[in-house]
Amino acid sequence: LLAATTVTQAQKFFTKDGTIRFFSDAKVEKIEATNNKASIVLDASSGAIEIAALIKGFVFENAFMGEHFNETYMESDKFPKANFRGKIENPSLVNFNVSGTYKAKVVGDLTMHGVTKPVSTDATFVVGGGKIVTDSKFMVKASDFEIKIPGDKAESISNVLEVTCKSTLT
């Protein structure tokens, strides 16, 4: 039994199908895009979390909006991906060996558009059946990452984006 517990605690959980969604609610227009191909790794023993997503992997309802997003705002040829490297602030709050729902703060560094900034969010971890389901939401300011919104678009594009990350890790 002790050996089985030790193996579980050292286990890494991952997915290549994590979902990252961003949403911007401005006066004129709502902008929403989803990327269902984020790579996510969680080290259950340390609480370390890494997330990587290709910027061109975000899908918009309007294809023209996606093209504009990649070329004008995110410059995705120059900055092809976004990364988060962080950890569960207090990993003892989440028992990855016992089925249940756990809430914990996740802190780390988000790198996007060539700029790295600290971020933190409250996250939910649902443990069970050899899987961990994660869910978190946080706000990001485009200007913090040197993403420029031209003056003529300021009313149609919000500087603040709501970012949601959901995944099932195995």
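The model is predicted, so local features are reported only at pLDDT of at least 70 and side-chain atom pairs only at pLDDT 80 or more, while totals for chains, interfaces and linings use all residues. Residues are numbered from 1 along each chain as its sequence is written, and side-chain values rest on heavy atoms, with hydrogens and water left out.

**Overall make-up**

- The chain has two helices and nine strands, where helices (H or I, at least four residues) and strands (E, at least two) are DSSP runs numbered from the N terminus.
- Read from the N terminus, the order of these elements is α-β-β-β-β-α-β-β-β-β-β.
- Along the principal axes, the C-alpha atoms fill a box of roughly 65 × 25 × 25 Å.
- Of the 170 residues, 42% count as buried; buried means under 20% relative accessible area, exposed over 50%, and partly exposed in between, with a 1.4 Å probe and protein chains only.
- Among contacts (heavy atoms within 4.5 Å) with a separation of 6 or more, 58% join residues 24 or more positions apart.

**Helix 2**

- Met-65, Gly-66, Phe-69, Asn-70 and Tyr-73 are the buried residues listed for helix 2. Because they cover an arc of only 130° around the axis, they lie on the same side of helix 2, the arc being that of the directions from the helix axis to the C-beta atoms.
- An α-helix has 3.6 residues a turn, so residues three or four places apart point the same way.
- The buried residues of helix 2 pack against strand 1 (12-25), strand 2 (30-43) and strand 4 (59-60), whereas Ala-63, Phe-64 and Glu-71 are exposed on the other side of the helix.
- At the N-terminal end, Asn-62 caps helix 2, with a side-chain oxygen 2.8 Å from the backbone nitrogen of Phe-64.

**Positive phi angles**

- Most residues other than glycine have a negative phi.
- Glu-75, which follows helix 2, has a positive phi of about 45° although it is not a glycine. Glu-75 sits in the loop between helix 2 (63-73) and strand 5 (81-88), and it counts as partly exposed because its relative accessibility is 30%.
- His-113, also not a glycine, has a positive phi of about 60°. His-113 is in the loop between strand 6 (100-112) and strand 7 (115-128), and with a relative accessible area of 7% it is buried.

Methods: A polar contact is a pair of N or O atoms within 3.5 Å; within protein, one must be able to donate a hydrogen and the other to accept it, and residues adjacent in sequence count only if both atoms are side-chain atoms.
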